[in-house]
2 protein chains.
Amino acid sequence: MRVFEEEKKRALERLRRGGADEEVEELLQQINSLDEFFTTSSCSGRIALICLPEIGAKREARFIGKWHRPIRKEEVFAAMSDTPSSENGDIWLIAQSPIVHVACRSLEKATALLRIALEAGFKYSGIKAISKDKGKVVVEMMSTERMDVPLATDDVMLCNEAHLDFIVSKANFMLERGKGKLKRFCYRLRELE
Amino acid sequence: MRVFEEEKKRALERLRRGGADEEVEELLQQINSLDEFFTTSSCSGRIALICLPEIGAKREARFIGKWHRPIRKEEVFAAMSDTPSSENGDIWLIAQSPIVHVACRSLEKATALLRIALEAGFKYSGIKAISKDKGKVVVEMMSTERMDVPLATDDVMLCNEAHLDFIVSKANFMLERGKGKLKRFCYRLRELE
C-alpha cells in the first residue's frame with residue numbers, strides 16, 4: 001500500500017499548490033481526509049464560451065470565456081467581441097457538470113463511492129481505471145448537467161438576443177443544480193468513514 | 001457461472017423480441033457472440049425533440065420527435081406544430097451519442113472492454129456496477145457527442161430559422177460521428193476474442 005500513500009502525498013501537494021474551485025473545496029477536503037481515497041482533479045461545474053475550428057476538434061478548442069458562476073448575456077457578447085475576427089470558427093456556449101476524479105485504495109471502496117455518487121445524482125459516474133494489482137481504482141464522478149449550444153460561425157452571430165437570454169438562464173440553472181449535487185454528495189460522504 | 005449464462009439467455013431473448021437500431025445491430029451481434037459478454041441495452045445515437053415541464057424534470061420529459069438519422073429543419077417545425085399548445089413547457093433539441101450497456105463475466109474482461117471502448121472514442125465509458133461475487137460487471141459505453149439546445153418556451157419559438165439550420169447541421173454531424181465510432185469499435189472488438 002506504500003505506492004498509494006506516496007501517490008496521495010503527491011496529489012495533495014499538487015492540490016495545495018494549484019488550488020481548486022471554491023465550491024468544490026469542502027468536498028475535496030472531506031474525501032482527502034479519508035485514508036482510502038484521494039482526489040486527482042476536479043471542477044465545480046462551469047459555463048464557457050469556446051471557439052472551435054471545426055466541430056469536434058475539441059483539442060483545438062480555444063476558450064474565449066470561462067465562468068464558475070452564473071453569468072449575464074452581456075458577458076457573452078463582451079467575450080465574443082473581444083475575440084479577433086481573423087480567428088474564424090464556430091462559437092459554442094457550453095455548460096458542464098461538476099467533475100471529480102477520485103483514486104480509491106480497493107475495488108470495494110471504489111464501488112462504495114460509486115454507489116453514493118450515483119445516488120447523489122452523479123448519474124454519469126463510473127470506474128475509469130483499475131490498476132493491475134487492484135491497489136488503485138479511479139472513479140470519475142460526473143453529473144448530467146450539460147449544454148452544448150452552437151451560437152455563431154465565422155463571426156456571424158446566429159442566436160438572437162431573446163434566445164440567448166433563455167439559453168443563459170438555462171445554463172445558470174444547470175450550474176446551480178450541479179453545485180446542489182456537490183452539497184448532497186458531501187452530506188452522504190460520512191457513509192464511507 | 002451458471003447465473004451469467006441464464007441472464008445472457010434472457011437478455012438475448014429480449015433483444016430478439018424487441019430488436020435494436022439498425023446501425024448498432026452488427027456490434028450487438030459481435031459482442032453477444034463472445035462467451036464472456038452480453039448486451040443489455042443499446043441506442044445507436046439519436047436526435048430528439050423533447051418537451052420538459054421544467055428544466056431537469058427529465059422523468060417527465062415527453063418526446064415530440066425522435067430520429068436515428070440526420071434530420072431537416074422542416075421536421076423540427078412540423079413536430080413542434082403537431083404538439084397541442086395546451087401542453088406548455090420548454091422544448092429542447094437534443095442529440096445523444098450511441099450508448100451500449102455490456103455485462104461482462106469478470107473484472108478482467110470488463111477492463112479489457114473498457115480500454116477498447118475508451119480508445120475507440122467512447123470517452124464517457126465506465127464500469128457502472130460490479131456484482132458482489134464479481135461474476136458480473138456492467139460497462140456503459142458512451143461517447144461525447146451530445147447537444148442540448150433549448151429552442152422554445154410556452155409555445156414561443158425563440159430560435160430563428162438560420163440558427164435552427166446551423167443547430168440541425170451540427171446535430172446531424174454529431175450523429176454521423178457517433179455512428180463512425182460504433183464502426184471503429186466493431187473493428188477493435190476482435191481483440192477481445
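Predicted model: local features only at pLDDT ≥ 70, side-chain atom pairs only at ≥ 80, totals over all residues.

Colleague: What follows α1(B)?

Modeller: G19(B) does, and its phi is positive, near 75 degrees.

Colleague: Switching to the other copy: where is L12(A) found?

Modeller: L12(A) lies in helix α1 of chain A, residues 2-18.

Colleague: Why is L12(A) classed as partly exposed?

Modeller: L12(A) has 14 other C-beta atoms within 10 Å. A residue needs 20 or more to be buried and 12 or fewer to be exposed, so a value in between is partly exposed.

Colleague: OK, zoom out. What does the secondary structure of chain A come to?

Modeller: Five helices and nine strands. Along the sequence the pattern runs α-α-β-β-β-α-β-β-α-β-β-β-β-α.

Colleague: What does the C-alpha trace of chain A span, and what share of its residues count as buried?

Modeller: The trace spans about 55 × 30 × 25 Å along its principal axes. Of the 193 residues of chain A, 38% count as buried. Among contacts in chain A with a separation of 6 or more, 69% come from residues 24 or more positions apart.

Colleague: Now the sheet. What is the strand order in the open sheet of chain A?

Modeller: β3-β2-β4-β8-β9, five strands with antiparallel pairing. The edges are β3 (62-67) and β9 (156-157) of chain A, each pairing on one side only.

Colleague: How many bridges join β2 to β4 in chain A?

Modeller: Seven, with β2 (46-52) and β4 (90-96) of chain A running antiparallel. One of the positions to look at is L52(A), whose bridge partner in β4(A) is D90(A). Helix α3 of chain A, residues 73-81, packs on the sheet and touches β2, β3, β4 and β8 of chain A. The direction of α3 makes about 155 degrees with that of β3(A).

Colleague: Over in chain B, what stands opposite C51(B) in β4(B)?

Modeller: I91(B). In β3(B), the bridge partner of C51(B) is R62(B). The strands β2(B) and β3 of chain B run antiparallel, joined by five bridges.

Colleague: Last topic, the interface. How many residues does each chain put into the contact?

Modeller: Chain B gives 26 residues and chain A gives 26 residues. On the chain B side, α5(B) has the largest share, seven residues. That side divides into 14 nonpolar, six polar and six charged residues.

Colleague: What rotation superposes chain B on chain A?

Modeller: A rotation of 180 degrees, with 0.0 Å of shift along its axis and an RMSD of 0.0 Å. That is the relation of a two-fold axis. The same surface serves both copies, as 100% of the contact residues of chain B recur in chain A.

Conventions:
Residues numbered from 1 in each chain as written. Chains lettered and ligands numbered in written order. Contact = placed C-beta atoms within 7 Å. Helix = DSSP H or I, 4+ residues; strand = E, 2+ residues; numbered from the N terminus. Nonpolar A, V, L, I, M, F, W, Y, C, P; charged D, E, K, R; others polar. Least-squares fit on C-alpha atoms with pLDDT ≥ 70 in both. Pairing = 2+ DSSP bridges. Axes fitted to C-alpha atoms, helices over the stretch in contact; angles between N-to-C directions.
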